[in-house]
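Have a look at the sequence and the model first.

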Amino acid sequence: MQFGAKEKTLKGGEEETTNNRMEMMAAIKALEAIKPGYKGTVTLWTDSTYVLKGITEWIHGWKKRGWKKSDKKPVVNMDLWKQLDALNAERDITWKWVKGHAGVEGNERADELAREGIPGS
């Protein structure tokens, strides 16, 4: 997490989880770490198209359908989507995608921290 020259490192992990849940938790924890009352624009970079499309595109339909997908099945990871949606509504967030495993410094660092957060590593 970076603000000007300041950087804050966050990492974590869970037993019995999925990559998508951890990608969502990374975004949630980053947004939660922003000082309360900050009014500026936040740029959140992710290499997860699941998170990016979920929060910028798919979520609108899910909410209209009562948190159901177009096939009428419940949205997977609904608990985290609701958290992310609430945090997204509180801030002016620009969501951006970065190609993973492509040598992008910040993304490579995020991957390193993710590996460190794996329980038992």
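Predicted model: local features only at pLDDT ≥ 70, side-chain atom pairs only at ≥ 80, totals over all residues.

Leaving aside residues up to four places away in sequence, tryptophan 95 touches Ala27, Leu31, Leu44, Val51, Leu52, Ile55, Thr56, Leu84 and Asn88.

Now step back to the nonpolar core. The largest one has 22 residues, and Leu31, Trp81, Leu84 and Trp95 touch the most other members. Two or more residues come from each of these elements: helix H1 (19-32), strand E3 (41-46), helix H2 (49-64), helix H3 (78-90) and strand E4 (92-97). H2 gives the largest share, six residues.

Next, look for the rings. There are four aromatic pairs in the structure, and ring pairs join Tyr50, Trp58, Trp62 and Trp81 into a cluster.

Charged side chains come next. How many salt bridges does a search of the whole structure find? The search finds four. In one of them, aspartate 79 partners arginine 21, with the closest N and O atoms 3.0 Å apart. This pair links distant parts of the chain, since aspartate 79 is in helix H3 and arginine 21 in helix H1, 58 residues apart.

Another salt bridge joins aspartate 85 and lysine 63 (3.0 Å, N to O). Aspartate 85 sits in helix H3 and lysine 63 in helix H2, so this pair ties together parts 22 residues apart in sequence. Is aspartate 85 buried or exposed? Its relative accessible area is 17%, so aspartate 85 is buried, because buried means under 20%. Lysine 63, at 41%, is partly exposed.

Notes:
Residues numbered from 1 in each chain as written. Heavy atoms only, no water. Phe/Tyr/Trp six-rings, centres within 6.5 Å; stacked < 30°, edge-to-face > 60°. Core = buried A, V, L, I, M, F, W, Y, C linked by side-chain atoms within 4.5 Å. Buried < 20%, exposed > 50% of the residue type's maximum accessible area, 1.4 Å probe, protein only. Helix = DSSP H or I, 4+ residues; strand = E, 2+ residues; numbered from the N terminus. Contact = heavy atoms within 4.5 Å.
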